[in-house]
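User: I want to know what stands behind the labels on this model. Please set each value against its cut-off.

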Amino acid sequence: MGRALPDPQGEARLMRCVVCTRGGLRAGSTTVTIVRETLTLVVKNVPALICESCGDEYFDEEVLAALEVIAERSEQSGVEVDIREYHAA
Ligand SMILES: [Zn+2]
């Protein structure tokens, strides 16, 4: 998956990608794959900021926390492979 936003408060202003340093970030959604010891989880429609140049993805703290909750629920269900739609925590 991508990386946490360097500055979670900075969402409103135009940010640059820290990977390629060239691309501007635009709001969009993406599919995140989380691989854990016993679980491979695919979460669809995750809100992200996506670099227009290299395509790297950034997630804010709230989204990362929600992904953690989704992953925990999925782990508890005991399945090895799971596909879920993103929902806010
Ligand atoms: Zn980039």
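Analyst: What follows takes the labels one at a time.

This is a predicted model, in which local features need pLDDT of at least 70 and side-chain atom pairs count only at pLDDT 80 or more, while totals for chains, interfaces and linings use all residues. Residues are numbered from 1 along each chain as its sequence is written.

User: Why is A48 called buried?

Analyst: A residue is buried if 20 or more other C-beta atoms lie within 10 Å of its own, exposed if 12 or fewer, and partly exposed in between; C-beta atoms are placed from the backbone. A48 has 23 other C-beta atoms within 10 Å, so A48 is buried. A48 sits in strand β3. Its C-alpha atom is 9.9 Å from that of R3, 45 residues away along the chain. Across the chain, buried residues make up 19% of the 89 residues.

User: Is T33 buried or exposed, and why?

Analyst: T33 has 10 other C-beta atoms within 10 Å, so T33 is exposed. T33 lies in strand β2. T33 and V43 are 10 residues apart in sequence, yet 6.3 Å apart in space, C-alpha to C-alpha.

User: How do you know that β2 and β3 pair?

Analyst: Two strands pair if DSSP finds at least two bridges between them. β2 and β3 have 10 bridges, in the antiparallel sense. A27 stands opposite L49 in β3, and V32 stands opposite V43 in β3. The two strands form a hairpin with four residues between them.

User: Which way do β3 and β5 run, and what joins them?

Analyst: β3 and β5 (residues 81–85) run parallel, joined by five bridges. One of the facing pairs is K44 opposite E85 in β5.

User: What makes β3 and β4 a pair?

Analyst: Two bridges, in the antiparallel sense. I50 stands opposite E57 in β4. β3 and β4 form a hairpin with five residues between them, and G55 in the turn has a positive phi of about 85 degrees.

User: What is meant by the largest nonpolar core, and which residues touch the most other members?

Analyst: A nonpolar core is a set of buried Ala, Val, Leu, Ile, Met, Phe, Trp, Tyr and Cys residues joined through C-beta atoms within 7 Å. The largest has 15 residues, and L25, V43, V46, A48 and L67 touch the most other members. β2 (25–35), β3 (40–51), β4 (57–59) and α1 (61–76) each supply at least two residues of this core. β3 gives the most, with seven residues.

User: What does V46 contact?

Analyst: Two residues are in contact if their C-beta atoms, placed from the backbone, lie within 7 Å. Leaving aside neighbours within four places in sequence, V46 is in contact with S29, T30, T31, V32, V63, L67 and Y86. For the chain, residues 24 or more positions apart account for 63% of the contacts with a separation of 6 or more.

User: Why are the buried residues of α1 said to line one face?

Analyst: The buried residues of α1 are V63, L67, I70 and S74. Seen down the axis, they fall within an arc of 65 degrees, so they line one face of the helix. That arc is taken from the directions from the helix axis to the C-beta atoms. These buried residues pack against β2, β3, β4 and β5. On the other side of α1, E61, E62, E68, V69, E72, R73 and Q76 are exposed. Just after α1, G78 takes a positive phi of about 85 degrees.

User: Which label does N45 get, and why?

Analyst: N45 has 13 other C-beta atoms within 10 Å, so N45 is partly exposed. N45 is in strand β3. Its phi is near 60 degrees, a positive value in a residue other than glycine.

User: Why does T21 count as exposed?

Analyst: T21 has 10 C-beta neighbours inside 10 Å, so T21 counts as exposed. T21 is in the loop between β1 (3–4) and β2. Phi of T21 is near 60 degrees, again positive in a residue other than glycine.
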